[in-house]
Amino acid sequence: MTRPNILILMVDQLNGTLFPDGPADWLHAPNLKALAAESARFETCYTASPLCAPGRASFMSGQLPSVTGVYDNAAEFASDLPTYAHHLRRAGYQTALSGKMHFVGPDQLHGFEQRLTTDIYPADFGWTPDYRKPGERIDWWYHNMGSVTGAGVAEITNQMEYDDDVAFQAEQKLFDLSRGKDDRPWCLTVSFTHPHDPYVARKKYWDLYEECEHLLPEVGTMPYEEHDAHSKRIFDANDWRSFDITEEHIRRARRGYFANISYLDDKIGAILDVLERTRQEAVILLVSDHGDMLGERGLWFKMSFLEGSSRVPLMIKAPGVKPGRVTQPVSTIDVCPTLCDLAGVSMEEVAPWTEGESLIEVANGTRQRAPVTMEYAAEASQAPLVGIRDGRYKYIRCTLDPELLFDLEADPHELTNLAEDPAHAEALGRLRAQADERWDLAGFDDDVRKSQARRWIVYEALRNGAYYPWDHQPLRDASERYMRNHMDLNIVEESQRFPRGE
């Protein structure tokens, strides 16, 4: 078979409730809307874990954190765990990454043949939580509400500098691929860090939302005492008592977030424009690693199984995949098997241990996906949390907390816990049984604690004395670029041109 080129567009912390059927009408996102019109649009896709590194390791491998061992933003992603980059590369693809993937550990490629940028976040164990110290805030890297109070306008930030480069390197790679020097099919992953907080945007995008009617959340701030146990831990981890969050802060933070969606739309539009101008065809997949609560209930950022944090956009434009809205709940762990399916690449050798499912038949309406599972065992938790989305219900369990059960059709904002409602006893029993079969929470907790304890020792040891960082250093050999004296100028001028001259 002729294997298709694949372009994966990944964004960071994009709330899936803003993508009920592609981007919401009021978002200024013309390029994403045009892509959505040609794509299968999964309205209820859930992250495997609502935090960057765990969510991304799961997205790449098709496995939950309890399998990958990537429990938090400082847990090593094992080199022997196959990713979609490994599967495709093994089958003859050239694989490249421009942007963030938050790999932790000395392996900074995980199947990618080429990595065009470094990562925006550290690759070592320094961000390791510690279950031995419940309630501890590690101030130098934990989120706090300064991202909300500091929202506003800037023409350059740390994150803009990064994403500007991510987009530029991706465009240059597409130009290079068009030159046809390598006849292998390609898979290019372009992974941005926006619209992740801080909620700071360029003025041209900020101004788009001056009259926006969505600058306040649908569910306003709730008293601390009315939140579930895990949400209270998130508030505490975010140091909420040190900040006085006003309505104006909320409006500005949400405005900055929406503005950065428009910033991303421009970046993605430019990449798709290069793809079109160089006459290359590709499967296109867009996804986020997790969402952002955006002030709903007073919660911000991620770390929660509530919809704003756990739901992400997922769109697939591909031959054989029917465009349109898909209502079935699916997961980001389905991306790896879906990409392999689209490329005609077998995962048979690891299929018994892969939890994700190909979404081609789901998108085409010919198969039902099994209930979707989620896990969380990072900062703001003191023991692992697990969740199941099955039909209209979402079930959440942690050994420290009362069970949570929500009927998302009747209660889309998850304001009513039905776990003690006799009318929903059958659903609760069914989901309890699924959780009992799927998880050994005591064993999961022990694995997390063991990993954390080991990493604290290793991190402190490696920071004592000479330090060799694991951060990826992009390789750009200047002696092989442009024109050099071991090259023939005539060949260089012709081979680097697309389209070729007469």
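Because the model is predicted, local features require a pLDDT of at least 70 and side-chain atom pairs a pLDDT of 80 or more, while totals for chains, interfaces and linings use all residues. Residues are numbered from 1 along each chain as its sequence is written, and side-chain values use heavy atoms, with hydrogens and water left out.

The secondary structure comprises 15 helices and 15 strands, taken as DSSP runs numbered from the N terminus (helices H or I, at least four residues; strands E, at least two). The radius of gyration is 22 Å, close to the 23 Å that the globule rule gives for 502 residues, so the protein is as compact as a globular protein of that length; this radius is taken over C-alpha atoms, and the rule is 2.2 Å times the number of residues to the power 0.38. Of the 502 residues, 59% count as buried (under 20% relative accessible area, with exposed meaning over 50% and partly exposed in between; 1.4 Å probe, protein chains only).

Within helix α2 (residues 52-61), S58 counts as buried because its relative accessibility is 0%. Apart from neighbours within four places in sequence, S58 is in contact with A48, Q63, L64, P65 and I333, contact meaning heavy atoms within 4.5 Å. The side chain of S58 also reaches the backbone oxygen of Q63 at 2.7 Å.

Helix α11 (residues 335-343) is mostly covered, with eight of its nine residues buried, among them V335, C336 and P337. Just after α11, G344 adopts a positive phi of about 70°.

Positive phi values also occur at residues that are not glycines: F301, at about 70°, is found in the loop between β8 (283-288) and α10 (307-310), and A380, at about 75°, is found in the loop between β12 (372-376) and β13 (385-390). F301 is buried at 0% relative accessibility, and A380 is buried with a relative accessible area of 10%.

A cis peptide bond joins D197 and P198, with omega about 10°, and P198 is found in the loop between β6 (186-195) and β7 (200-201). Another cis peptide bond, between F498 and P499, has an omega of about -5°, P499 lying in the segment after α15 (489-495).

Definitions and conventions:
A polar contact is a pair of N or O atoms within 3.5 Å; within protein, one must be able to donate a hydrogen and the other to accept it, and residues adjacent in sequence count only if both atoms are side-chain atoms.
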